[in-house]
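Trainee: I am new to this structure. Please walk me through how to read its features.

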Amino acid sequence: MHLAIIGGTGLSQIDGIDDVRHQMVSTPFGEPSGPVTIGRLQGCDVVFLPRHGYNHRIPPHQINYRANLWALRELEVSRILAVAAVGGIHPDMGPGSLVVPDQLIDYTWGRPSTYYEGSLEAVTHVDFTYPYADSLRQAFLEAGAALGLPMLDGGTYGATQGPRLETAAEIRRLERDGCDVVGMTGMPEAVLAREAGIEYASLNVVANWAAGVHDGETVSMAEIERTLSKSMRGVRQVLKQILSAEDRQRGGSASC
Ligand code: HPA
């Protein structure tokens, strides 16, 4: 059973993966975002998939989330560490912050978001009370602590449709609803992982203040790119730290 990393904007590649091979997995739902990268990182078997594709060409609403999660399940992935760029709504979650959310609200629409449809033997409703796996949330937080990299423990992720950014009024509404950060890819990724029986947690990298949080300011793509390219260095360290901690715990056996 393997561990997978799903990379978001700013994390389309991970360096340092050894014994690399790339594998295209076809699924009943079509093609995933690209071939998965399979290899070893810090002594552990790892599977890597960039959700927007290797050239960052697939926009959030056109990602084939069902194929992505199905492909990982086919590869016997049992745990997913996801990384996702977000806008910050909560005053403590400004650009450059790292947040490990514990809740989400889904505002997306029209995305195929379940495996349980078509000709079914029985109607199925998965439990989704706690959308993120606590053990993986703790793995992010412990890695942050070990590296001296501050992370915010908990918060509500609001998943919007995109690809446009939000209006100031939409962000005020999300804030009233209790959202702390906003992103475009957290759903249906999290629920499909749950339906596929894969543990899942997400590390949110705050790239910008969400629209209208600071009166009169607009969101700048240049700022988003600058912040992400700075923050991803830390994120890469966090992922490596998690895998080396796993490697130590397992006494060097490859399957982490
Ligand atoms: N809104 C939605 N998604 C995002 C943002 C944002 O402000 N920043 C990065 N991803």
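Trainee: How many salt bridges does the structure hold?
Mentor: Start with the general idea. Side chains of opposite charge can pair when their charged atoms come close. This model is predicted, and the structure holds nine salt bridges. One of them joins Glu246 and Arg79. Their closest N and O atoms are 3.0 Å apart.

Trainee: Which parts does the pair of Glu246 and Arg79 tie together?
Mentor: Look up the element of each partner. Glu246 lies in helix α5, residues 221-249, and Arg79 in strand β5, so the pair ties together parts that are 167 residues apart in sequence.

Trainee: Which residues are around the ligand?
Mentor: Among them are Ala85, Val86, Gly87, Glu166 and Asn208. By type, the shell divides into five nonpolar residues, three polar and one charged.

Trainee: Which polar side-chain atoms lie 2.8 Å or 2.7 Å from a nitrogen atom of the ligand?
Mentor: Take the residues in turn. Glu166 has a polar side-chain atom 2.8 Å from a ligand nitrogen. For Asn208, a polar side-chain atom lies 2.7 Å from a nitrogen of the ligand. A backbone N or O atom of Ala85 is 3.5 Å from a ligand nitrogen.

Trainee: How much of the ligand does the protein bury?
Mentor: Compare the ligand alone with the ligand in place. Alone, the ligand exposes 260 Å². The protein buries 92% of that.

Terms used:
Residues numbered from 1 in each chain as written. Predicted model: local features only at pLDDT ≥ 70, side-chain atom pairs only at ≥ 80, totals over all residues. Heavy atoms only, no water. Near = heavy atom within 4 Å. Polar contact = N/O pair within 3.5 Å; in protein donor to acceptor, adjacent residues only side chain to side chain. Areas by Shrake-Rupley, 256 points an atom, 1.4 Å probe, with all protein chains shown as cover. Nonpolar A, V, L, I, M, F, W, Y, C, P; charged D, E, K, R; others polar. Salt bridge = Lys/Arg side-chain N within 4 Å of Asp/Glu carboxyl O. Helix = DSSP H or I, 4+ residues; strand = E, 2+ residues; numbered from the N terminus.
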